[in-house]
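Thank you all for coming; I would like to take a few minutes to walk through one structure with you, beginning at a single residue and then stepping back to the chains. Please look at the sequence and the model while I talk.

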Amino acid sequence: MDSGFDFDVIQRSFPYLFREGMTFTVTLTLMAMTGGIVFGTLLAMMRLSSLRPLSIAAGAYVNLMRSVPLVLVIFWFFFLVPYIGAWAIGAREPIRVGAFWSSVITFTMFEAAYYCEIMRAGIQSIARGQVWAGYALGLDYWQTMGRIVLPQAFRNMLPVLLTQTIILFQDTSLVYVISATDFLGAAAKIANRDYRLVEMYTFVAVVYFVVSYGLSTLVKRLQERIAVIR
Amino acid sequence: MNYNWYWKVLLEPEPGGTGTYLHYLVVGLGWTLATALAAWVIALAVGAAVGTLRTAPMKWAVRLGNFYVEIFRNIPLIVQMFLWFFVFPEFLPKAAGDAIKQMPPPWGSYVPAVLCLGIFTSVRVAEQVKAGIMSLPRGQGMAGTAMGLTPAQTYRYVILPQAFRIILPPLTSEFMNVIKNSSVALTIGLLELTGRARAMQEFSFRVFEAFATATVIYLLTNLIVVLLMRALEKKVRVPGLIATGGAPQAGH
């Protein structure tokens, strides 16, 4: 370091870092969380289904996603999504997809595998009698699931689902590898432009720490409250 | 989808002149494993120490252990990678910092990557070690004391051997995580498997052949690790205990 720690560069780049970078990170996290939990719950229902092909397909998908590095999955979808898009709308050439939508699809598909395992444990924690009671009342599969099993499973698993979301929040920083301008990406761009790597990366680490630590403390409190009620 | 597969690309020479693309990727697997194994050694040693510390009767020890865990758990891996690679050498004395920065490739990326992954994973190992120790009946420690062992001896001969045997299954998945997480080292220039798949895609323009081959290599590696660890688990299982599955956990 030639001239000590330069706080000024952080202050100067504040609007860019947060309005562009953090907005990208937070939007991506929220969208991937929503999509991931919905898709993951469906996968969990498939895995627990008595129809063999469904459970085998869902199991294979989950195990595949959990066996390869996230970075590789990001690369896969970054190149694959334009082809899938072209196939879906019947275009002859691969369509253009920006880094943001590519990331949303990647993280939804990837995190679904992890949310699936959490929801599967949640569904399995519900007493079987609950399902029988549902059927005895004349509810069908979707009604029993949607009104009896899933709400309870969701509630039991809420702390783990939120912890997984904090991990997702941290993992979105890996979109750096496809040059997206998330929080880390924005900081990296300024760090390289002004040659202030030490300041910017330290600042990024501090911000991630504060957010993740704060959220995980909240989750811990929530967990205690839920534990008291049960 | 109109993508023309061309698998023969794997047998064509890569531009660096070291051999075929397939060979290039397999060497990448070698770097992945070399990074993961070295990091795993650090993770086990530090993780066992920190995990033990967090169950110690001294309050300050527990607090110190918790502090360590919270720091390295709440910063994304890629940011930690950058801290070790860009920031850490700047805070060392000038000579040491320069020595690190001037290490020839690939060591200039390999060493920070191993340190980073080792410390990152040690936190997760520490969590498991703590859970393993807590899962033992308290009588085990008391029995050790009653036999006249010092606290250190009790941990060394009574508690830790049992704890490690109990937490072997979660440690297996942590080891697989190290292998996967080592791919983040490509961001600081280490050409491990994923990094080489990306390089191959840039040289040859065969995008999906490169990534598909890397995926298959990762899957085979996982399979081998699972089989080896399953054999080990069977061998060291504590007789009389129901197989431990553990509570559902978040992960990546």
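This is a predicted model: local features need pLDDT of at least 70, side-chain atom pairs count only at pLDDT 80 or more; totals for chains, interfaces and linings use all residues.

Let me begin with B:Pro89, which counts as buried because it has 20 C-beta neighbours inside 10 Å, and the cut-off for that label is 20 or more.

Where does B:Pro89 sit along its chain? Its place is in helix α3 of chain B, the helix that covers residues 77-91. If we leave aside the neighbours within four places in sequence, B:Pro89 is in contact with B:Gly97, B:Ile100 and B:Lys101.

Now let us turn to chain A and its overall build. Chain A has 9 helices and 0 strands, so that reading along the sequence gives the pattern α-α-α-α-α-α-α-α-α. Its C-alpha atoms fill a box of roughly 75 × 55 × 25 Å, taken along the principal axes, and of its 230 residues, 41% count as buried. If we consider the contacts in chain A between residues at least 6 apart in sequence, 74% of them join residues at least 24 apart.

Next comes the place where the two chains touch. Here 38 residues of chain A are in contact with 31 residues of chain B. On the chain A side, the helices α4 (70-89), α5 (99-124), α7 (141-171) and α9 (197-229) each supply at least two residues, and α9(A) gives the most, with 11 residues. Sorted by class, this side of chain A has 28 nonpolar, 8 polar and 2 charged residues.

Finally, I would like to look at the nonpolar core. Which residues touch the most other members of the largest nonpolar core? Among its 118 residues, they are A:Ile74, A:Ala187, A:Val204 and B:Met81, and the helix that gives the most to this core is α5(A), with 12 residues.

Technical notes
Residues are numbered from 1 along each chain as its sequence is written. Chains are lettered from A and ligands numbered from 1 in the order in which they are written. Two residues are in contact if their C-beta atoms, placed from the backbone, lie within 7 Å. Helices (H or I, at least four residues) and strands (E, at least two) are DSSP runs, numbered from the N terminus. Ala, Val, Leu, Ile, Met, Phe, Trp, Tyr, Cys and Pro count as nonpolar, Asp, Glu, Lys and Arg as charged, and the others, Gly among them, as polar. A residue is buried if 20 or more other C-beta atoms lie within 10 Å of its own, exposed if 12 or fewer, and partly exposed in between; C-beta atoms are placed from the backbone. A nonpolar core is a set of buried Ala, Val, Leu, Ile, Met, Phe, Trp, Tyr and Cys residues joined through C-beta atoms within 7 Å.
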